[in-house]
Structures are given as structure tokens and as C-alpha cells.
Amino acid sequence: MVAMKSYSVCLRESALQLPRHNCFDNYKRRSGKWRPPQAAVKPHLHLPMRSFEVKNMTSAEDMKSLRLITAIKTPYLPDGRFDLEAYDALVNMQIANGAEGVVVGGTTGEGQLMSWDEHIMLIGHTVNCFGSSIKVIGNTGSNSTREAIHATEQGFAVGMHAALHINPYYGKTSVEGMVSHFDSVLPMGPTIIYNVPGRTGQDIPPRVIHTIAQSPNLAGVKECAGNDRVEQYTDKGIVVWSGNDDQSHDARWNHGATGVVSVTSNLVPGLMRKLMFEGKNTELNSKLLPLIDWLFQEPNPIALNTALAQLGVVRPVFRLPYVPLPLAQRVEFVNLVKKIGRENFVGEEDVQVLEDDDFVLIARLC
């Protein structure tokens, strides 16, 4: 890996001009027992900032039938900026192969490495180019409720169909705090709650989901805590998408899940659609499991980024701290492609191993 090129790239980005508020203007001392949700939330305070006539305005019900949602990859140019030409080609491949939705700027799309300006721009770009052909779900969640509210307002203003919201991570909160956090964003529009304890360090317990399920804007849950949890919700009529590709076949056909929010579908969207649409298919599931295991041998999206570069559909450019898989794993991917069939993968170029010095690592955007 020592031969890989690493750069610091400075890009000028305009800063959002946010209104200033004096948080203490209306402060009054209060006595009495603290009631968490009431104390934490001022309902609809944010709503005047957005119009109910925004384009692509949809309902939670419109989202609940989606079976294949791809957590779309964000490609980069050699200077670290978005490669929108490659991105558009990726989204077009998803549409052509039957994906019904894309999550923009999720973990797979490296929203955590984007500025909010970049993030909202990419959501708006996706809506403008593809919003009539595929549902656009913007990852506008944050561990800061204030940031989540502001980003979600902007996402719906540029036309996203639904928001994806995670529970506050790192600076974790209480169960009551989770409910208050989600209650602050649910009034804005269709919302998918994302539970991934392996990343947040905190599970969203079922009682939180059952509480917020009273909102008409809850489209469902992207659940990574296993198929027993999936069934716990689907038995109560709550829509669930599996967040684990390796469990998604069984989640769909044995545990009541509506579908999957998939990483693997970036590579083989047609096969993942078949897995979600055409009934139980243990043979196909078994065929895909080695690829899925390969994709998650390191934290996502490291392997996905490497694979898409090897397939020639994105440039081999990584924003740090992500770096490509080592040579032995790249050779393994070439063999997986040959075994599954190159025709099932996105792109048209022959799969390549690539050399270490083919990869560009971007250290800094400023």
C-alpha cells in the first residue's frame, strides 16, 4: 500500500448562511416534574421553512412497497470532487436493472465524508436527473437533532421522496431522547428509521419504534439487528427492510420483510432484484453469499469501492480514511466475478486486479 498516491486537495466551498437565534430570549424558569418528550420537542417549529408543494412530494405509503433499494456509491474525480458522470451512469444501471429506490449519501455513499453542501447538492442532483424514475431517499440523519432537522428541511426542499434517519451515535442518548429526536424530524415527511448498532454503538429498542410508529410519516425501519427483530416488527404491521445483504433473502421470504436496502446491488442489481421479487431462491442466495462475505470483510464501503474500480465503472479514487483492499483480496474479487458471471455485474469493461499505485487517496478537502 506504500506505493499509493496520497494528495491534499483544497476546494473552495460556499458556507451556508444560517440565521442566528438567541436561545435565551424566551427562557423562563419552570417548576414541576420534567416530562421528556414535551420538554425536548417544540412540534412543527421548523415547518415554516418548507413548502408543502415541493416537487416529488410523496407519502409514507408510497415508500412502503419498495423491495429493492440500493445504498448508492458516490464516485470521485482525481481531485476528490464528485464524479457526477460516473454517478449518473451508476444510477442509470440501477434503474435499468430494476432497483426501485436509492439511498443518497448513506454510509455506503460516504455521507459521513461529505460537507452538508455536498450532501444536499447530491440529493438534489439525483432528484433532478432521476426522481421521476426511482425513489430518492436522502440520508439526512445526524447525531445532532438540530443538524438532522436542518438537513432534512433542505433535503425535502430539493425534492427527495423520503429521509433516512439514524439514532444519535457516539454522544448517545436515552430511550426518551431517541423518541424526542425522531419526533423532531418525522413531521417533515416520509421517514425510514435506520437501526445499525454495529455503527452507532446503541440499539434502537422496539419500544422506540412502536412509539414513533404512531406517526403517519413513518415509512418503516431499515433493520440490521437480525431477522428475529425483523419479524418482531412485521408481526405488528411495521414495514421493514433488511439492512444485511446476507440475511435479506430469509428476511424477505421467511420473516415478512418488504425488501432490502442493499450494498451488493451496486454490483449485481439484477440478481438482487431477482432475490427480492421472484420468490424463495436458496440456490441464488447461496451463489451470492461468497460475494456478500467478500464485500463485508472490511468495514463498508471499502470493498465496494475497490470492486467498482476493478470493474471500471468508477475511478480508483478514495477519500481517506478509506483505502482499497490489498492485492490478494482484489485477485479474489476477479475470481468471484468469473464464477458468478461478468454479465451479471455492472459495467462493460473486463474486471481488472489493478496495481496499488493505480489508486489515488484524497487526504483533505478545504
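## A colleague's notes on the model

1. Let me start at a proline: Pro321 lies in the loop between strand E10 (317–319) and helix H14. Helices (H or I, at least four residues) and strands (E, at least two) are DSSP runs, numbered from the N terminus.

2. A word on the ground rules. This is a predicted model, in which local features need pLDDT of at least 70 and side-chain atom pairs count only at pLDDT 80 or more, while totals for chains, interfaces and linings use all residues. Residues are numbered from 1 along each chain as its sequence is written, and side-chain values use heavy atoms, with hydrogens and water left out.

3. Two backbone spots deserve a look. Glu110, in the loop between strand E3 (101–104) and H4, has a phi near 65 degrees, a positive value in a residue other than glycine. Leu354, in the loop between H14 and E11, likewise is a non-glycine residue with positive phi, near 70 degrees. Are these residues buried or exposed? Glu110 counts as buried at 1% relative accessibility, and Leu354 counts as buried at 18%. Here buried means under 20% relative accessible area, exposed over 50%, and partly exposed in between (1.4 Å probe, protein chains only).

4. The largest nonpolar core has 65 residues, of which Leu267, Leu291, Leu311, Phe333 and Phe345 touch the most other members. Apart from it lies another core, of 18 residues, including Met63, Ile137, Leu164 and Val261. A core in this sense is a set of buried Ala, Val, Leu, Ile, Met, Phe, Trp, Tyr and Cys residues joined through side-chain atoms within 4.5 Å. Setting aside residues up to four places away in sequence, Leu311 touches Leu267, Phe333, Val337, Arg342, Phe345, Val346, Glu349 and Val351; contact means heavy atoms within 4.5 Å.

5. Helix H10 (residues 245–254) has Asp245, Ser248, His249, Ala251 and Arg252 buried. What do they pack against? Their partners are helix H9 (227–234), strand E8 (240–242), strand E9 (259–262), helix H11 (269–277) and helix H12 (282–295). Just after H10, Gly256 takes a positive phi of about 90 degrees.

6. Asp88, in helix H3 (residues 84–96), is one I would point out. This residue is buried yet has no salt bridge, and the nearest side chain of opposite charge, Arg315, is 12 Å away. For charge, Lys and Arg count as positive and Asp and Glu as negative; His and the chain ends are not counted. Beyond neighbours within four places in sequence, Asp88 is in contact with His125, Cys129 and Phe130.

7. How many salt bridges are there? The count is seven, a salt bridge being a side-chain nitrogen of Lys or Arg within 4 Å of a carboxyl oxygen of Asp or Glu. In one of them, Asp203 meets Arg229 at 2.8 Å, N to O. Asp203 lies in the loop between H7 and helix H8 (206–212) and Arg229 in helix H9, so the pair ties together parts that are 26 residues apart in sequence. Asp203 is partly exposed at 29% relative accessibility, while Arg229 is buried at 15%.

8. Asp356 and Arg330 form another salt bridge, with their closest N and O atoms 2.8 Å apart. The pair links distant parts of the chain, with Asp356 in the loop between helix H14 (327–340) and strand E11 (360–364) and Arg330 in helix H14, 26 residues apart. Asp356 is partly exposed at 23%, and Arg330 is buried at 0%.

9. Helix H4 (116–130), strand E5 (162–166) and helix H7 (197–200) each supply at least two lining residues. The structure also holds one cavity of 30 Å³ or more, lined by Lys73, Pro75, Tyr76, Asn305, Val314, Arg315, Pro316, Val317 and Phe318. On a 1 Å grid over the protein atoms alone, a cavity is a set of points where a 1.4 Å probe fits but cannot get out, and a pocket is an open set with protein on both sides within 12 Å along at least five of seven lines; lining residues have an atom within 4 Å of a point. Grid points are joined across faces, edges and corners, and a volume is the space filled by probe spheres set on the points.
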